[in-house]
Amino acid sequence: MIVPANALAMNVNDAIGGYFELETVRGCGLHPQAAALNSGRHSLEYILRRRGNVARVYLPYYTCSVVLQPLQRLGIPHAFYHVDEQLRPADLPELKEGELVIGTNYFGIGGAVLRDMAARFGNRLLVDNAQALYAPPMEGIDTFYSPRKFFGVPDGGYAYCVADTALELPQDSSWQLMRHLLQRVDEGPESGYAAFRQNSEALAQKPLMHMSRLTQRLLGGIDYAAAAEARRANYTLLHRALGNSNKLHANPPAEAVPMVYPYWVENGTQLRQRLIANRVFVATYWPNVLEWSAPGTLEHELATNLLALPIDQRYGAGEMQRILSILSE
């Protein structure tokens with residue numbers, strides 16, 4: 001087949017015939033009205049750039065370090081605030097002119113906290129829904145999402161922004177970031193973990209762009225209702241077994257679709273090691289918090305002993321019982 005010299009300049013959707021691409025189902029993602037961008041952190045940057053004239057951003061100590069990257073790129077000062085034992089803001093000041101505050105929907109079950117923050121701060125609140133992909137945005141409140149936390153896609157983010165200013169952005173390409181996703185299918189998570197880390201590092205180096213066509217196609221073919229049902233069922237099963245020993249009041253509202261089951265116990269470090277030894281991989285939220293906070297602080301305790309137990313749509317009651325069996329040994 002002869003490929004025209006100017007093929008890259010053509011619309012990729014105009015071609016007819018030739019070899020097949022990756023088979024995907026063309027549909028609509030969860031947030032068709034949002035700006036589709038190339039990562040969750042870039043979705044925050046998109047909001048900040050459109051708003052402009054931001055004097056300072058307050059964010060929780062208990063958060064991922066990638067949230068700082070847009071602030072650093074844009075030269076926006078920041079300050080931290082603490083959360084209490086139920087992950088509510090504990091010491092937020094009254095905001096001054098040009099100041100904004102980021103509120104985090106922890107584990108996808110913190111909608112009530114965010115609604116309280118919205119009532120207090122109005123449109124000076126930025127909602128971090130990176131762990132709450134299914135949570136709808138509140139009217140008039142800037143919000144950003146990270147679908148990569150919920151589904152097997154290489155990149156992507158969504159942003160809702162009420163500012164009138166527009167941004168002209170190029171479109172990203174993500175086929176180069178697929179290796180860890182494909183490798184896990186054939187060889188398992190351990191084999192693809194190095195590629196997963198490389199993917200995360202590559203995303204940190206990219207500029208703000210529109211979401212790639214590949215990621216949009218992948219997100220358009222997901223059965224979101226089935227995934228939500230599985231997540232809720234798995235969460236409920238774990239909570240019935242672990243709720244009484246969980247230091248976090250983890251009752252989710254009926255409409256929530258959780259990302260993980262947050263299990264906070266005294267011996268979380270030992271249990272994490274036991275789970276990983278049995279090939280139940282639990283992420284630490286977040287390692288950077290151990291550097292930002294001193295031993296003995298609540299944030300340090302959460303980063304050390306809160307276990308993010310997997311409850312996603314790949315699994316069912318059998319896998320949840322396996323987790324419970326390991327924890328009860």
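Does phenylalanine 107 belong to the buried or the exposed residues, and what is its relative accessibility? At 0% relative accessibility, phenylalanine 107 counts as buried, where buried means under 20% relative accessible area, exposed over 50% and partly exposed in between (1.4 Å probe, protein chains only). The views below come from a predicted model, in which local features need pLDDT of at least 70, side-chain atom pairs count only at pLDDT 80 or more, and totals for chains, interfaces and linings use all residues. Residues are numbered from 1 along each chain as its sequence is written, and side-chain values use heavy atoms, with hydrogens and water left out.

**View 1. The protein chain as a whole.** The protein chain contains 11 helices and 9 strands; helices (H or I, at least four residues) and strands (E, at least two) are DSSP runs, numbered from the N terminus. Its radius of gyration is 20 Å, close to the 20 Å that the globule rule gives for 329 residues, so the chain is as compact as a globular protein of that length. This radius is taken over C-alpha atoms, and the rule is 2.2 Å times the number of residues to the power 0.38. Along the principal axes, the C-alpha trace spans about 65 × 50 × 35 Å. Of the 329 residues, 49% count as buried.

**View 2. Helices α4 and α5.** The axes of α4 (residues 179–187) and α5 (residues 189–205) come within 8 Å and cross at roughly 175°. Axes are lines fitted to C-alpha atoms, for helices over the stretch in contact, and angles run from 0 to 180 degrees between N-to-C directions. The two helices are therefore roughly antiparallel to each other, a term for angles over 145 degrees. On the α4 side, the contact (heavy atoms within 4.5 Å) is made by Arg179, His180, Gln183, Arg184 and Glu187. The α5 side supplies Pro189, Ser191, Gly192, Ala195, Phe196 and Asn199.

View 3. Leucine 87 lies in the loop between β3 (78–81) and β4 (99–104). Although it is not a glycine, leucine 87 has a positive phi of about 65°, and at 8% relative accessibility it counts as buried. Phenylalanine 107 is found in the loop between β4 and α3 (111–121), and its phi is near 60°, also a positive value in a residue other than glycine.

**View 4. The peptide bond between tyrosine 285 and tryptophan 286.** A cis peptide bond joins these two residues, with omega about -10°. Tryptophan 286 is found in the loop between α8 (268–277) and α9 (287–292). Most peptide bonds are trans.

How values were computed. Angles under 35 degrees count as roughly parallel, over 145 as roughly antiparallel, 65 to 115 as roughly perpendicular and the rest as oblique.
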